[in-house]
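Visitor: Hi! I have a model open here and would like to walk through it with you. Shall we start?

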Amino acid sequence: MSYLRPDIRQRADELVALYPQKRSAMLPLLHLAQEQDGYLTDEGMAEVAELTGTSPAEVRGTASFYDMFHLEPVGKYVVGVCTNIACLLSGGEELLEHATKTLGCAVGGTSADGLFTLEETECLADCSVVPVVQVNHRFVRTTTPDALDALISDLRNGRRDDEIPPHGTLIRVRRNGGLRAPRAQVAAEREAAQTAREARAAKETK
Amino acid sequence: MTDALETRTTVTLTVNGREVTATKGEMLIAAADRVGTYIPRFCYHPRMEPVGVCRMCLVEVDGPRGATLQPACYIQVGEGMVVNTESEKVKKAQDGVLEFLLANHPLDCPVCDKGGECPLQDQTLAHGSGETRFIEEKRHFPKPIEIGELVLLDRERCIQCSRCTRFASEVAGDAQIDFAGRGDNIEVAPSPTEPFDSVFSGNTVQICPVGALTAKPYRFTARPWDLEQVESTCTTCAVGCRVAVQSSSNRLTRVLGMDSEAVNHGWLCDKGRFTIDSVVGIDEAPLTDSARRIMEPMIRRNGELEAATWGEALREAARIISSATTPSAVGAIGGAALTNEGAFAWQRFFRGVVGTDSIDAQYGDGLDPVLVAALPRATINEAAEACTVVLLTGDLREELPVLFLRLREGLVKGTTNAVEMSASGSALSALSRVKLPIRPGEAHLVAQAIATDDAPLATLASHPHGGLFTSADLVEARRLIGDDGSGVVFVVGRPNVAESAAPIEAAIRIFAERFPQAKFLPTLRRGNVNGALDMGLTPNLAPGQQFAPTAGRSTLEQLRAATTGEQSVIVSLGGDILENVVDTPLASAALKAASLIAVTGHGGPSLAFADVVFPTTVMHERLGTVTNIEGRVSLLAPKVTPPGSTWPDVAIASELAEEFGQNLGLSDPEETANVIEATTGYPCGSAMRSAMEGVVVGRIDAQTERRLLDPMAFPGIRSADLVGIAPRAGSIASSDASVAGVASRPALSNVAGDINPVIPMPDTYSLRLVVDRTIYDNGAAVRGTEALRALAPTSVLRVNPHDLTRIGVTSGGAVRLTSARGSEVIAVVAEAAVPRGCVALRHGTLVTTNASDSANVGNWIVDSEQVVVEVRMESL
Amino acid sequence: MAVLTAPKIVSSRSEYTDSHSMSRYLATDGFTALRKALSMHPEAVATEVDSASLLGRGGAGFPAGRKWSMLRKAPVSYLVVNGDESEPATFKDHYLIEREPHQLVEGVTIAAYALQVSQAFIYIRGEFALGLERLQQAVNDAYEHGALGSDIFGSGFSLDIIVHPGAGAYICGEETALIEALEGKRGFPRIKPPYFPAAIGLYGQPTVVNNVETMANMPWIVNNGGAAFAALGQGRSTGTRLFALSGRVKNPGVYELEMVKNTFRDIIFDPALGGGIIGDKKIKAFIPGGVSAPWFTPEQLDIPLGLDEVAEQASMLGSGSIVVLDEDSCVVRAAWRITKFFSRESCGQCTPCREGSGWLERIMYRMEHGGGRREDLDLLLDLCDNIAPGLSWPPQQTTICVLGPSIPSSIHSAITNFRDDFIAHVDHNGCPHD
């Protein structure tokens with residue numbers, strides 16, 4: 001019995017097959033499990049353990065290392081406000097403070113209606129439009145309290161849904177393409193190229 | 001394989017101005033240790049791969065850009081390297097690391113188990129500053145938290161050295177704990193879905209360099225400076241791990257693993273580590289529960305066992321023995337719980353005083369001792385370093401856990417390949433290169449196939465559920481074993497005790513004859529069963545492994561003879577017959593019919609039939625030697641005084657002999673050891689005097705040097721007199737000279753039995769029964785220890801998923817199990833490792849963990865007269 | 001006056017709003033360089049890159065050509081592209097990934113051809129959701145176009161690219177930690193030696209790890225020749241690079257400039273570039289190359305934008321991110337926040353960084369928010385010395401990776417240049433700027 005639902009499980013199986021070693025699919029698989037539940041559940045992580053050939057403790061240990069993986073439930077929208085150096089110099093702390101009031105929750109907390117979780121982030125690499133705000137890891141470029149409030153209102157009313165999917169959904173573009181030739185053929189081509197290279201090198205040293 | 005000495009090259013480097021010679025590939029920290037330059041460390045452990053994370057071992061090493069700080073545990077010695085471990089820069093770095101570690105470390109020393117044996121305390125005293133400059137609020141976490149049944153975690157104390165996570169993953173193969181979080185909120189954590197229930201969890205407590213991991217059974221029990229220590233041998237199983245036994249005020253408090261290069265590398269299993277409580281046992285337990293410690297002699301009067309004096313009990317026992325019509329109507333069963341000296345004394349009593357050869361230290365679930373003695377024996381190191389091991393035995397992680405660890409190392413590294421012939425899968429299956437599963441009754445066919453040709457494959461494939469492996473697997477197995485078996489170790493035992501020994505013994509003989517260069521490691525698992533057999537507690541061997549065939553009865557033969565009246569007296573030595581004999585109905589019938597004299601340290605279900613009970617000393621209460629699976633004889637040192645009126649076996653046997661007017665000539669264990677060595681050459685006396693790794697019978701090449709003990713790697717073990725002592729050539733030479741016992745060892749030709757038993761295939765609905773083992777069972781060690789009692793699993797039938805589906809039952813349900821002996825309902829669970837056409841049951845499991853006695857359940861279906869046990873299974 | 005004559009090598013399509021689309025890419029010479037490269041000998045392509053003297057455009061500035069030559073002898077290898085841009089105030093790779101994804105794909109393919117590897121990974125930080133989508137789309141486009149996959153453009157060379165998302169950890173920008181993350185583990189950097197990726201990298205195999213911007217240069221170099229690239233810039237700093245300017249400037253943003261020909265003053269104050277300080281305030285200090293770099297004061301404004309030129313001033317150009325502080329900026333707060341960043345991002349493996357960063361952050365917090373003491377100044381410096389002995393630049397380290405010795409940079413710079421500010425904080429028992 002798979003905990004991941006069929007469409008997610010299928011993408012998971014494809015991911016595992018994509019990498020040279022199973023364990024490399026760990027991060028993408030965790031993103032997938034998070035896509036299904038909005039956060040990482042113990043069952044989701046246990047299934048990722050099976051898929052990657054690791055143990056639940058190792059998966060949990062890996063997931064908890066990274067900021068984007070939430071092991072507790074979060075809101076549909078995770079709002080991140082940056083307060084690192086460039087944003088600090090341009091009102092990042094103040095915008096964060098304002099956000100706590102608008103959303104009615106502390107930094108790290110979730111709004112009463114369960115829709116929004118507020119985070120203080122590190123540098124998000126968009127430092128010309130400061131302070132930087134992301135919602136579910138999409139840049140929203142709301143640099144003033146008013147703009148932020150308008151955005152929150154939009155989100156509440158579903159007006160930004162096609163742009164900002166619920167928390168957990170990261171990459172909406174599926175990989176389609178892949179080597180037209182099977183791996184074995186590629187390996188053979190590579191070997192042939194290596195042999196040719198060696199032959200050339202041998203000739204050159206004569 | 002290749003002798004490492006030949007391929008070693010040396011490297012010369014300079015350490016603190018001194019020229020030092022080191023081995024190529026050696027880590028700088030180990031080389032420095034060897035020449036007496038101690039570099040402080042936390043995360044480095046000599047038995048695990050280095051990680052270089054604690055940064056305590058930073059030393060200055062010259063390089064192209066001047067001297068830089070490098071972690072000594074992580075860099076290998078290089079030719080011409082210039083190292084400074086005492087410069088100002090190094091001292092400042094050490095001071096800095098300690099200050100950083102202590103910044104958030106809680107001031108728990110007064111309440112922390114580790115205080116007094118704590119590497120953090122010790123190294124702070126040696127290398128740190130006396131004060132801290134940290135005035136912030138320290139990090140706080142809820143503490144302690146249970147990460148497993150036996151281990152508690154105190155997050156505030158943890159210094160994130162990763163010794164525990166590395167041990168769990170690298171050594172034990174149970175990656176049940178890992179680092180979670182990042183930066184300074186890193187914690188060691190299991191997953192909520194899976195607690196840290198590895199059977200090796202206790203090792204993490206021992207190697208933790210602070211008090212972050214503590215053992216529930218030991219927590220708050222004692223302070224290290226109150227503890228007295230003696231080096232001894234663990235007798236919970238037959239691996240014979242070297243242990244440091246510690247006591248306080250004559251009470252056993254703790255057992256720690258000692259680093260023995262030859263045996264256990266410092267590791268212990270949780271059963272060996274935590275069952276010292278069973279020495280005291282549980283007073284409220286009834287006599288029929290092995291948790292109860294027997295401390296007074298007893299005689300059955302008016303149907304009840306009543307306390308008696310030693311004199312009364314001895315006289316009554318002598319009377320019972322004398323009342324037998326002939327000497328051969330008397331027999332003894334058991335002996336694995338005895339020391340070599342005790343076994344020797346009893347052997348002398350029964351053969352010399354009573355005149356019977358019906359003595360057997362096994363319970364019908366072992367191997368023919370003549371066969372075992374005839375095989376060329378491997379040491380554990382040889383098995384661990386073999387090119388190929390062939391596993392024809394039960395799940396080693398359940399039966400001989402530290403042997404599992406030793407073998408696992410090479411399998412993981414890829415330096416050893418395993419061919420596994422198992423009846424129900426094992427913890428080594430996943431690491432085995434070739435898997436040749438065997439159904440009950442098939443072992444010899446598979447052996448024939450490996451040894452000769454593919455012909456037996458057709459027979460195997462004719463099983464209603466088909467064959468379990470292919471010809472390609474066989475080809476690979478043959479390739480790995482090679483032509484004459486050189487570099488191969490066969491690890492052999494009884495994977496299934498519901499099957500007679502015939503197929504397995506036939507397989508072993510086939511291997512021994514076909515592969516003359518191979519060595520064998522027999523996995524007879526009970527404490528000192530190997531020593532007991534070597535001392536002649538078996539019909540066809542005399543002490544010293546001498547072949548001496550007699551008409552004596554084995555255990556099962558004795559029990560059958562009891563039911564027919566041919567044998568009227570059974571003396572049970574050390575173990576409980578009903579607990580250990582798999583064919584429980586036979587054992588019950590025998591005990592009902594015959595008189596029973598029980599010589600025992602613990603209670604058990606057989607005591608319901610006992611007429612006389614003699615209380616013995618157990619475990620760490622007595623002096624003696626024991627022999628492990630390698631044939632290594634090592635010292636068993638006493639640490640506490642025996643309780644109540646318990647006597648050592650040598651005394652009991654001697655006094656009982658006196659009742660017959662005979663003097664055994666063995667007044668105490670030490671004298672007995674010398675007598676054994678003098679009369680048979682078996683090195684008990686030498687082993688008793690050797691403070692080292694014991695003495696392997698007849699193998700001078702198997703003696704190894706004691707490694708330098710790193711107090712930071714094994715905190716808690718008194719190292720002063722155990723560091724770097726060279727082997728005492730004198731005692732080893734004497735054992736080498738004693739080839740008398742070795743010369744008269746049996747040969748393969750002395751082994752009786754059919755090398756080609758014919759066992760018919762079952763019909764389609766018949767299932768064959770596999771009875772295997774569990775580490776936490778109904779024996780005295782587990783039952784007598786509160787912390788482990790609850791871990792013993794309950795009885796459940798394990799079935800291949802296909803076979804369950806066939807009868808429409810789901811895993812977790814129940815079935816009706818029927819055999820020639822009757823029928824009962826039993827819980828069932830699906831397990832893919834059980835082959836189709838078989839069902840598996842663990843010997844030693846109970847209906848519920850609160851069972852009032854420690855009797856086996858499920859064993860009513862085992863019939864020891866049958867070569868294999870056939871059963872049928874239906875849905876309810 | 002700023003020198004703005006150099007060609008746009010990696011940002012030539014910035015005027016197009018659809019620069020990320022395949023049609024725009026093809027219409028602007030997309031994949032011409034790849035075709036040309038495939039017609040050359042792979043050794044010849046590598047030689048071109050060598051002759052460009054392209055220094056890595058990540059933080060370390062290691063010569064890209066030399067990294068490759070370490071690899072060309074080995075049979076099995078991987079190419080890993082580091083798109084984990086998480087260095088504070090660095091946002092140039094973000095531009096390249098979101099706005100020029102096909103250029104990146106083409107650059108990676110050219111590099112893979114030169115190195116003769118058939119498997120490449122592009123690791124993008126997980127917070128670039130849109131960037132990840134665009135890059136995956138670009139990879140899909142390339143496969144469809146025959147510019148990726150087996151037998152690319154009929155050349156006999158095959159390449160597979162996997163776009164791999166990170167999940168939020170600055171340390172994964174360190175090349176060995178990135179490899180660990182790519183192997184599906186926690187981002188713990190490996191100890192070098194022996195784990196130099198060129199020797200022991202992904203799955204233990206020889207691996208080249210290159211920055212996104214480094215790869216983005218490939219098409220131009222192939223089309224115009226390495227010599228043309230080397231003709232730009234000066235000394236060891238050749239070609240152009242993307243500079244990310246942020247902080248109290250009027251025009252923060254990403255600027256592609258020729259190396260060395262401009263100074264910090266140019267980029268910060270020139271009307272065509274930074275445009276000066278907001279409100280025309282005075283500049284107080286600036287960080288020349290990411291928060292791991294020691295700070296500069298106005299005395300260093302005329303230093304040219306070149307690796308060696310900055311290194312001579314005991315700092316580093318690093319990732320090319322310049323952060324500007326003005327007269328109203330609180331240096332103590334800035335240093336505190338940077339320290340807090342390192343403490344949050346420390347992987348936790350080794351003692352000095354894990355414990356030291358947290359302790360330093362606690363002290364700086366008191367300094368900024370109340371409770372600071374005079375003796376804290378020496379304590380701060382001594383703790384920094386325990387992480388980076390000698391407090392020199394380039395630094396020594398007691399730690400496993402270079403995050404450790406980066407921690408002291410801001411604290412040391414701030415105390416050295418603005419000790420009075422710290423004293424004022426102590427006396428004020430908090431930030432006097434509030």
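Guide: Happy to. Let's begin with Pro394(C), which sits in the loop between α16 (375-387) and α17 (403-417) of chain C. Keep in mind that this is a predicted model.

Visitor: What is the peptide bond from Trp393(C) to Pro394(C), cis or trans?

Guide: That bond is cis, and its omega is near 0°. Most peptide bonds are trans.

Visitor: And what about the bond from Val130(A) to Pro131(A), cis or trans?

Guide: Cis as well, with omega near -5°. Pro131(A) belongs to the loop between β2 (116-121) and β3 (133-135) of chain A.

Visitor: Now backbone angles. What is phi of Gln116(C), and where is that residue found?

Guide: Its phi is near 60°, a positive value in a residue other than glycine. Gln116(C) is in the loop between α6 (101-115) and β2 (119-124) of chain C. With 15% relative accessibility, Gln116(C) counts as buried, because the cut-off for buried is under 20%.

Visitor: Which residues does Ser246(C) touch?

Guide: Leaving aside neighbours within four places in sequence, the contacts of Ser246(C) include Ala86(A) and Cys127(A), along with Phe91(C) and Pro252(C). Ser246(C) is in strand β7 (residues 240-247) of chain C and is buried, with a relative accessible area of 0%.

Visitor: Let's switch to chain B. How many helices and strands does it have?

Guide: Chain B has 30 helices and 36 strands. Its radius of gyration is 28 Å, close to the 29 Å that the globule rule gives for 876 residues, so chain B is as compact as a globular protein of that length. Buried residues make up 63% of the chain.

Visitor: Is Gln362(B) buried or exposed?

Guide: Buried, with a relative accessible area of 7%. Gln362(B) is in the loop between β17 (359-360) and α11 (369-374) of chain B, and its contacts beyond four places in sequence include Leu367(B), Leu524(B) and Thr555(B).

Definitions and conventions:
Residues numbered from 1 in each chain as written. Chains lettered and ligands numbered in written order. Predicted model: local features only at pLDDT ≥ 70, side-chain atom pairs only at ≥ 80, totals over all residues. Heavy atoms only, no water. Helix = DSSP H or I, 4+ residues; strand = E, 2+ residues; numbered from the N terminus. Rg over C-alpha atoms; globule rule 2.2 N^0.38 Å. Buried < 20%, exposed > 50% of the residue type's maximum accessible area, 1.4 Å probe, protein only. Contact = heavy atoms within 4.5 Å.
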